[in-house]
Structures are given as structure tokens and as C-alpha cells.
Amino acid sequence: MADPSFPRDDLRATIAARRDLGPEYEAALTESFLNRIEATIAAQVAAEASRRMPNPKELAREDRAEGGRALGLALGSLGIAIPLTAGAAIGAGLPGIITAWSGIVLVNFAYALGRRRRH
């Protein structure tokens, strides 16, 4: 973190320079002082933001893992849908097929909703 005495010391130096140089340099000295304060604040904000922001490599790794889980769920849903549809059609007809596919859709919907909440 920056030295907390920096703004006070810098302000004192700016005021002393204004006394030495005269009022015609007041605008330039004030602008210079404000630029240094802004730079200090920007550096502190950047340091705090980088401390709080997650690592981009970690985010990319999590995105890849999430994509793998989504692909696994999609392929698993399709893989189970075939025997479920066949069994439902043989055992219960159209109502059985609708029930089986409703379950598959609900599982995928719940996963998508949970994924959306995490992001």
C-alpha cells in the first residue's frame, strides 16, 4: 500500500513551490499535484482489483471443466433416452414416453438453471 503521508508531504511541497514561484504557477502546480494524486489512487485501485479478481487461468480451467460436465450430461441424457423411450413405449405407450422425456427435460433444465445461478 502507498505511504499515507504522501499526499500531505506532496501538498506541503506544492504549497512551498507556489510560494517560491508565485501565483502565476498556481494552476500548473495544482494540476501537477492532482495528477500525482490521481496516479496514486489509480495504482491503489489497480492493486486492490488485481488482488480481488480471480486468476484468468483458473477461470479458463473452470470453464473447461464446466463444459465437460455439460457435454457429459447431454450425452448421458441422449444415451439414457433411447432405452427409456423404448421401455416406456412398450410398457405404457404415449403417456409413458411423455413421462420419460419430461424427466429427461427436467434434469437438463435443473442443471442449466443451477449453472446459470453459479455464473
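Reader: What makes H3 and H4 partners in contact?
Author: Contact means heavy atoms within 4.5 Å, and residues of both helices meet in that sense: among them are Leu 73, Ser 77, Ala 81 and Leu 84 in H3, and Ala 100, Trp 101, Ile 104 and Asn 108 in H4. The residues of this contact divide into twelve nonpolar, four polar and four charged. For that sorting, Ala, Val, Leu, Ile, Met, Phe, Trp, Tyr, Cys and Pro count as nonpolar, Asp, Glu, Lys and Arg as charged, and the others, Gly among them, as polar. One caution: this is a predicted model, where local features need pLDDT of at least 70, side-chain atom pairs count only at pLDDT 80 or more, and totals for chains, interfaces and linings use all residues. Residues are numbered from 1 along each chain as its sequence is written, and side-chain values use heavy atoms, with hydrogens and water left out.

Reader: Why is H3 called roughly antiparallel to H4?
Author: The axes of H3 (residues 56–91) and H4 come within 8 Å and cross at roughly 170°. Axes are lines fitted to C-alpha atoms, for helices over the stretch in contact, and angles run from 0 to 180 degrees between N-to-C directions. Angles under 35 degrees count as roughly parallel, over 145 as roughly antiparallel, 65 to 115 as roughly perpendicular and the rest as oblique. The crossing angle is therefore in the roughly antiparallel class.

Reader: How do you know that Ala 81 is buried?
Author: Its relative accessible area is 3%, and buried means under 20%, exposed over 50%, partly exposed in between (1.4 Å probe, protein chains only). So Ala 81, in helix H3, counts as buried. Ala 81 touches Trp 101 and Ile 104, not counting residues up to four places away in sequence.

Reader: And what makes Ser 77 buried?
Author: Ser 77 has a relative accessible area of 11%, so it is buried as well. Ser 77 also lies in H3 and touches Ile 104 and Asn 108, leaving aside residues up to four places away in sequence.

Reader: Is Thr 99 buried or exposed, and why?
Author: Thr 99 counts as exposed, because its relative accessibility is 57%. Thr 99 sits in helix H4 (residues 94–118). A polar atom of the Thr 99 side chain lies 2.8 Å from the backbone oxygen of Pro 95.

Reader: Why is Thr 14 called buried?
Author: Thr 14 has 10% relative accessibility, so it counts as buried. Thr 14 is in helix H1 (residues 6–21) and touches Leu 29, Phe 33 and Arg 36, again without residues up to four places away in sequence. Of these, Leu 29 and Phe 33 are among the buried residues of H2.

Reader: How do you know that the span of H4 is close to the expected one?
Author: The expected span of a helix is 1.5 Å times one less than its number of residues. H4 has 25 residues and reaches 36 Å from its first C-alpha to its last, close to the expected 36 Å. H2 (residues 26–52) has 27 residues and reaches 39 Å, close to the 39 Å expected.

Methods. Helices (H or I, at least four residues) and strands (E, at least two) are DSSP runs, numbered from the N terminus. A polar contact is a pair of N or O atoms within 3.5 Å; within protein, one must be able to donate a hydrogen and the other to accept it, and residues adjacent in sequence count only if both atoms are side-chain atoms.
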